[in-house]
Amino acid sequence: MDQKDMPGGVVHAVPQDLGRALRQDKKALSAWESLTPLARNEWICWVESVKKAETREEHVTRLCSQLNEGKRRPCCWMGCVHRKDKALSRTQKFLLKRKMIKRI
């Protein structure tokens with residue numbers, strides 16, 4: 001399976017590093033393919049939402065291990081804020097506002 005055949009999410013395509021990790025772990029890849037596009041979208045956004053390269057590597061590794069453990073969605077994460085097909089939830093708005101206040 002090459003990069004363009006890797007099923008992505010509702011908004012996000014599978015980034016190269018994640019696609020590479022999934023292709024190297026057949027069990028995780030099988031779990032990935034069984035996810036809904038919305039669930040894949042949340043995992044992709046969770047991986048891409050970090051700023052540091054080493055944190056991103058940790059997220060990719062953790063994504064594969066959690067898929068292998070049977071997890072279907074990233075835990076303790078507010079959800080993809082990039083989706084334009086639905087409004088942000090109250091929780092997402094609260095967390096985004098809190099994040100902006102901390103930056104000031």
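Biologist: How much of the protein chain counts as buried?

Modeller: Of its 104 residues, 32% count as buried. Keep in mind that this is a predicted model.

Biologist: Noted. How many helices and strands are there?

Modeller: Five helices and zero strands. Read from the N terminus, the elements go α-α-α-α-α.

Biologist: And the contacts? What share comes from residues 24 or more positions apart?

Modeller: That share is 62%, taken over contacts with a separation of 6 or more.

Biologist: Let's go to α1. Which residues are buried there?

Modeller: L18, G19, A21 and L22 in α1 are buried. They sit on the same side of α1, because they cover an arc of only 165 degrees around the axis.

Biologist: Why would residues three or four places apart point the same way?

Modeller: An α-helix has 3.6 residues a turn, so residues with that spacing point the same way.

Biologist: Which exposed residues are on the face of α1 turned away from the buried side?

Modeller: Q16 and Q24 are the exposed residues carried there.

Biologist: What covers the buried residues of α1?

Modeller: The cover includes α2, which spans 26-34, α3, which spans 37-48, and α4.

Biologist: Take α4. At what angle do α1 and α4 pack?

Modeller: About 35 degrees, with the axes 10 Å apart. Helix α1 covers residues 16-24 and helix α4 covers residues 53-68.

Biologist: Is the crossing left-handed or right-handed?

Modeller: Right-handed, as α1 passes α4.

Biologist: Which residues meet?

Modeller: From α1, D17, L18, A21 and L22. From α4, R56, V60, L63, C64 and L67. By type, the contact of α1 with α4 has seven nonpolar residues, no polar ones and two charged ones.

Biologist: Now α1 and α2. What are the angle and the axis distance?

Modeller: They pack at about 115 degrees, and their axes are 5 Å apart.

Biologist: Which residues are in that contact?

Modeller: L18, L22, R23 and Q24 on the α1 side meet K26, A28, L29 and W32 on the α2 side. The contact of α1 with α2 divides into five nonpolar, one polar and two charged residues.

Biologist: Which residues of α2 are buried?

Modeller: A28, L29, A31 and W32. Seen down the axis of α2, the buried residues fall within an arc of 160 degrees, so they line one face of the helix.

Biologist: What is exposed on the other side of α2?

Modeller: K26 and K27 are exposed there.

Biologist: Which helices do the buried residues of α2 pack against?

Modeller: Against α1, α3 and α4.

Biologist: Change of topic. Where does R73 lie?

Modeller: In the loop between α4 and α5, the helix at 90-103. R73 counts as partly exposed, at 35% relative accessibility.

Biologist: What does R73 touch?

Modeller: T36, L38, A39, E42 and W43, not counting residues up to four places away in sequence.

Biologist: Which side chain makes a polar contact with the side chain of R73?

Modeller: That of E42, at 3.1 Å.

Biologist: What separates the C-alpha atoms of R73 and W43?

Modeller: 6.6 Å, though the two residues are 30 residues apart along the chain.

Conventions. Residues are numbered from 1 along each chain as its sequence is written. This is a predicted model: local features need pLDDT of at least 70, side-chain atom pairs count only at pLDDT 80 or more; totals for chains, interfaces and linings use all residues. Side-chain values use heavy atoms; hydrogens and water are left out. Axes are lines fitted to C-alpha atoms, for helices over the stretch in contact, and angles run from 0 to 180 degrees between N-to-C directions. Helices (H or I, at least four residues) and strands (E, at least two) are DSSP runs, numbered from the N terminus. A crossing is left-handed if the near helix is turned anticlockwise from the far one by less than a right angle, and right-handed if clockwise. Contact means heavy atoms within 4.5 Å. Ala, Val, Leu, Ile, Met, Phe, Trp, Tyr, Cys and Pro count as nonpolar, Asp, Glu, Lys and Arg as charged, and the others, Gly among them, as polar. Buried means under 20% relative accessible area, exposed over 50%, partly exposed in between (1.4 Å probe, protein chains only). The arc is that of the directions from the helix axis to the C-beta atoms. A polar contact is a pair of N or O atoms within 3.5 Å; within protein, one must be able to donate a hydrogen and the other to accept it, and residues adjacent in sequence count only if both atoms are side-chain atoms.
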